[in-house]
Amino acid sequence: MSTWKRDFASGLIVLAPLLVLLLVLQWIYRYIASIPLIEGLQPAIIPAPLEPVSRVIIALAVFATVVLAVGYFMRTTLGRLAESAVDGAINRIPALRVVYNASKLAIETAVSGTDELQSPVYIETWPGIRMTAFRTGKKTRDGKIVLFMPTAPNITTGFVIEVEPERIEETGETVEEGMTRVLSAGFAESAHQVPVEEERPPEGTTGKPGGVGGVRTDGTPGESERPSTDGSSDGD
């Protein structure tokens, strides 16, 4: 890869996530600012230019209050019974239960997960080939470690695998570094990666249109195999 292509790719890797993050934050800001119920809670002394900002602050404060209230309620026996009733009702709906359980598991993992729950590891899937997976913090009854191996660059899909503990090799990376390598399909650089150079063609084939042994990929002979135009042969 040439220098300008590498610089462009590096700049794109840095700026693209920031632009996506800004777009998401902008959408969330506009959505929260346009909630009709927040307008009733807004004080009348707020100047008109500051009304959208005050709506967002009020909405976040209301949301935090509701979350804390529900969390406190879940600590009680009645709250646990209510949660079980809601889970049971939603799990009876075929399509909705998949989304509900997946989102609930994701939130539980992000909020209450430990370092072991998400630490990236290497496993050797085939001889000489290793792949990146992430711990789930679970074990099978026979002592195998349950790992999640995401696909690149879409980490929402992957494989749940069970392997022996001795087959796992620690990467020494953080979760962010492991996820960055998977999301970038291996193009992102990290401190734990060995620098990789582009493969050069074998000696004797540089600059020649012929392939291996002077034969092109379409089966026609290369320059070294073409007969001379003066009618002479190699034995003359």
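## Basis and burial

A residue is buried when its relative accessible area is under 20%, exposed when it is over 50%, and partly exposed in between (1.4 Å probe, protein chains only). This is a predicted model, in which local features need pLDDT of at least 70, side-chain atom pairs count only at pLDDT 80 or more, and totals for chains, interfaces and linings use all residues. Residues are numbered from 1 along each chain as its sequence is written, and side-chain values use heavy atoms, with hydrogens and water left out.

## Residue D87

D87 belongs to helix α4 (residues 77-90), helices being DSSP runs of H or I with at least four residues, numbered from the N terminus. Because its relative accessibility is 16%, D87 counts as buried.

Leaving aside neighbours within four places in sequence, D87 is in contact (heavy atoms within 4.5 Å) with Y100 and K104.

## Nonpolar cores

A nonpolar core is a set of buried Ala, Val, Leu, Ile, Met, Phe, Trp, Tyr and Cys residues joined through side-chain atoms within 4.5 Å. The largest one has 8 residues: V121, I123, A133, I145, L147, M149, V163 and I168. Two or more residues each come from β1 (120-126) and β3 (145-150), strands being DSSP runs of E with at least two residues. The largest share, 3 residues, is from β3.

Not counting residues up to four places away in sequence, I168 touches V121, Y122, I123, R135, I145, L147 and V163. Another core, of 6 residues, lies apart from it and includes A33, V56, I58 and A59.
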